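Please read them with the coordinates open.

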Amino acid sequence: MSHVSEHLKTLVKLNGFALGVMHISNKCINSYATGKNLLKPGGGKEFNWRNDYIFYHKYGNGDPVILLHDLDPAFSSYEWNEAVDELCSSRTVYSVDLPGCGRSSKPKKTFTNNDYVQFLTEFIKGVVKETCTVIASGYSSSFALVAAVSHPNMIGQVIAINPRGLHDLMQTSSGRSKAAATLISLPIIGTSVYNMSESKGNIDLRFTEKYFYNPFHSKTRYIDAFYESAHYNESRGKYLMASIEGKTTTVDITAALKETGEKLVILYGEKAENADRIAESYQKINPSVQAYPIAGTGSLPQLESPAKFVSALAEVW
């Protein structure tokens, strides 16, 4: 019995040592990832929402438009950096870091799609204060569409950039997804898992294999900015990742899609995986939805080829 007790003590010590090493490693990763300060929090504005701060920039003058980046902890309003100057030349542009992303608050909570619907409508009420266009990337187009249908006087048009597939958005929580969410939410081990997932190497790989069609269009500063966003504020983006993995941010948009009329326009990267089929699936439910490819681009045409992106927008705006 004494031998068992000694083994247990040794195991506890080893586990404690391992956790200490992981904690120090996590701190080093955070420091390294944010060292270049590419997101530059100075100069922006803050919107107080549910006692959290939401970071945003306001540019230009004219009819208002809100830019919503993809819902992912590595993403931020930096996604629009290459196109924003053209967009604000004749419009008032609000470029937002969504809750849980970039320079905005990253509270320890479970995020839901409805949270983002409420955030968007309250941001329009509190900041924009008039009917606007919403340009939403990827996952964010789902809650932008729901908000547009729920509050038709607030949002005149939704332009979705490479929206998620309807099947993906219909997924619901399961035992496996809940376990993944619980693991990522753990204090030290979860942070380590998150940091491995959001490593610079993995973000680089996403740019070359998914985000951009032409890997030579990827730039070090893009990778560094996404890496910084993922680890900004002590890697607390892991709570959004846990919510995404736990399937609490999904929503079946079929009913909203049927009701949206001609409000929705889809722009998609011609070379993005399944993008044309996803657009067709939206049109099958609502034939009024317009969809246009952006030639030679992947899932982030606004960053990969901003000139083509702005030109495509001009055709539908």
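1. Basis. This is a predicted model: local features need pLDDT of at least 70, side-chain atom pairs count only at pLDDT 80 or more, and totals for chains, interfaces and linings use all residues. Residues are numbered from 1 along each chain as its sequence is written, and side-chain values use heavy atoms, with hydrogens and water left out.

2. Fold. The protein has 14 helices and eight strands. Helices (H or I, at least four residues) and strands (E, at least two) are DSSP runs, numbered from the N terminus. The radius of gyration is 21 Å, close to the 20 Å that the globule rule gives for 317 residues, so the protein is as compact as a globular protein of that length. That radius is taken over C-alpha atoms, and the rule is 2.2 Å times the number of residues to the power 0.38. Along the principal axes, the C-alpha atoms fill a box of roughly 75 × 40 × 40 Å.

3. Of the 317 residues, 50% count as buried. Buried means under 20% relative accessible area, exposed over 50%, and partly exposed in between (1.4 Å probe, protein chains only). The protein exposes about 14,700 Å², and carbon and sulfur atoms supply 52% of it. Areas come from the Shrake-Rupley method with a 1.4 Å probe; for residues, only the protein chains shown count as cover. Among contacts (heavy atoms within 4.5 Å) with a separation of 6 or more, 80% join residues 24 or more positions apart.

4. Largest pocket. Its volume is about 980 Å³. Of the 40 residues that line it, D70, R164, D168, K210 and S299 are the closest to its centre. The elements that give two or more residues to the lining are α5 (166-169), α8 (200-211), α10 (238-245) and α12 (275-285). By class, the lining divides into 17 nonpolar, 11 polar and 12 charged residues. Ala, Val, Leu, Ile, Met, Phe, Trp, Tyr, Cys and Pro count as nonpolar, Asp, Glu, Lys and Arg as charged, and the others, Gly among them, as polar.

5. Pocket method. The 1 Å grid covers the protein atoms alone; a pocket is an open set of points with protein on both sides within 12 Å along at least five of seven lines, a cavity is a set where a 1.4 Å probe fits but cannot get out, and lining residues have an atom within 4 Å of a point. Points are joined across faces, edges and corners, and the volume is the space filled by probe spheres set on them.

6. Positive phi. S235 has a phi of about 60 degrees although it is not a glycine. S235 sits in helix α9 (residues 220-235) and is buried, at 1% relative accessibility. K247 also has a positive phi, of about 65 degrees, and is not a glycine. K247 lies in the loop between α10 and α11 (254-259) and is partly exposed, at 27%.

7. G237. This glycine is in the loop between α9 and α10. G237 is buried, with a relative accessible area of 0%. Leaving out residues up to four places away in sequence, G237 touches P73, G100, K106 and Y194.

8. Two further loop residues. G42, between α1 (2-33) and β1 (45-49), is exposed at 60% relative accessibility. H151, between α4 (140-150) and β6 (155-161), is partly exposed at 28%.
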